[in-house]
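Here is a brief report on a sheet, the helices around it and a charged pair. Look over the sequence and the structure first, then read on.

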Amino acid sequence: MTLPHDLILFSPLLIWRNTAMRKIFLACPYSHNDGVVVNERFNTCNQVAATIIESGNIVFSQVSMSHPINQVFQHTEKGEVGKRWAPIDAFFMSTMDELIIIDLPGWDQSVGIQREIAFFEQRGQRVSLWSESQGEFGSE
């Protein structure tokens with residue numbers, strides 16, 4: 001079968017093999033007793049993810065995905081949210097090449113972020129803080 005030259009077929013494998021694109025798992029502290037802080041963290045995560053995407057790279061922003069879903073959980077207690085997401089995070093981490101942590105206050109006390117750091121370090125993959133790496137994405 002011959003395809004017209006102007007027809008572009010979407011294939012995740014073709015994108016995945018583009019070695020110029022960094023594949024980043026974006027971590028950010030999430031849980032907090034103050035809902036305003038949680039929403040600010042969500043918004044910051046979205047801003048950073050947008051910067052990474054606009055720079056031509058692939059990013060999976062766990063907080064961007066999970067926050068809206070967390071708002072409608074009906075059978076998961078607030079204290080169990082991290083456990084609910086752990087296997088999903090593991091799947092997405094296994095598809096990424098590096099971890100960038102948005103180093104907002106509390107990032108170094110987050111159990112989830114510590115788990116993500118351990119995962120990437122065990123694989124010998126890059127782990128960096130956003131404050132130190134943001135210049136790589138055209139953002140200062």
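## Sheet, helices and a salt bridge

Four strands make up an open sheet in the order 2-1-3-4, and their pairing is parallel. The edges belong to strand 2 (58-61) and strand 4; each has a single partner strand, so one side of each has no neighbour in the sheet. On average, neighbouring strands of this sheet are turned by 25° against each other, direction ignored. The model is predicted.

Helix 3 (residues 62-70) packs on this sheet. Helix 3 touches strand 1 (23-27) and strand 2, and its direction makes about 35° with that of strand 2.

Strand 3 (residues 98-101) pairs with strand 4 (residues 126-129) in the parallel sense, over four bridges. Between these two strands the chain passes through helix 5 (residues 111-122), and this β-α-β crossover is right-handed.

| Residue | Stands opposite, in strand 4 |
|---|---|
| Leu99 | Val127 |
| Ile100 | Ser128 |

In a regular strand, side chains alternate between the two faces of the sheet.

Next, the helix pair. Helix 3 packs with helix 4 (residues 81-94) at an angle of about 145°, and their axes are 12 Å apart. The crossing of helix 3 and helix 4 is right-handed. Helix 3 brings Gln62, Met65, Ser66, Ile69 and Asn70 to the contact. Helix 4 brings Val81, Trp85, Ile88, Asp89 and Phe92. By class, this contact has six nonpolar, three polar and one charged residues.

Which residue forms a salt bridge with Asp89? The partner is Arg115, with the closest N and O atoms 3.8 Å apart. Arg115 lies in helix 5 and Asp89 in helix 4, so the pair ties together parts that are 26 residues apart in sequence. Side chains of opposite charge can pair when their charged atoms come close. The count for the model comes to seven salt bridges.

Definitions and conventions. Residues are numbered from 1 along each chain as its sequence is written. This is a predicted model: local features need pLDDT of at least 70, side-chain atom pairs count only at pLDDT 80 or more; totals for chains, interfaces and linings use all residues. Side-chain values use heavy atoms; hydrogens and water are left out. Two strands pair if DSSP finds at least two bridges between them. A crossover is right-handed if, with the strands pointing away from the viewer, the path from the first strand over the helix to the second runs clockwise. Axes are lines fitted to C-alpha atoms, for helices over the stretch in contact, and angles run from 0 to 180 degrees between N-to-C directions. Contact means heavy atoms within 4.5 Å. A crossing is left-handed if the near helix is turned anticlockwise from the far one by less than a right angle, and right-handed if clockwise. Ala, Val, Leu, Ile, Met, Phe, Trp, Tyr, Cys and Pro count as nonpolar, Asp, Glu, Lys and Arg as charged, and the others, Gly among them, as polar. A salt bridge is a side-chain nitrogen of Lys or Arg within 4 Å of a carboxyl oxygen of Asp or Glu.
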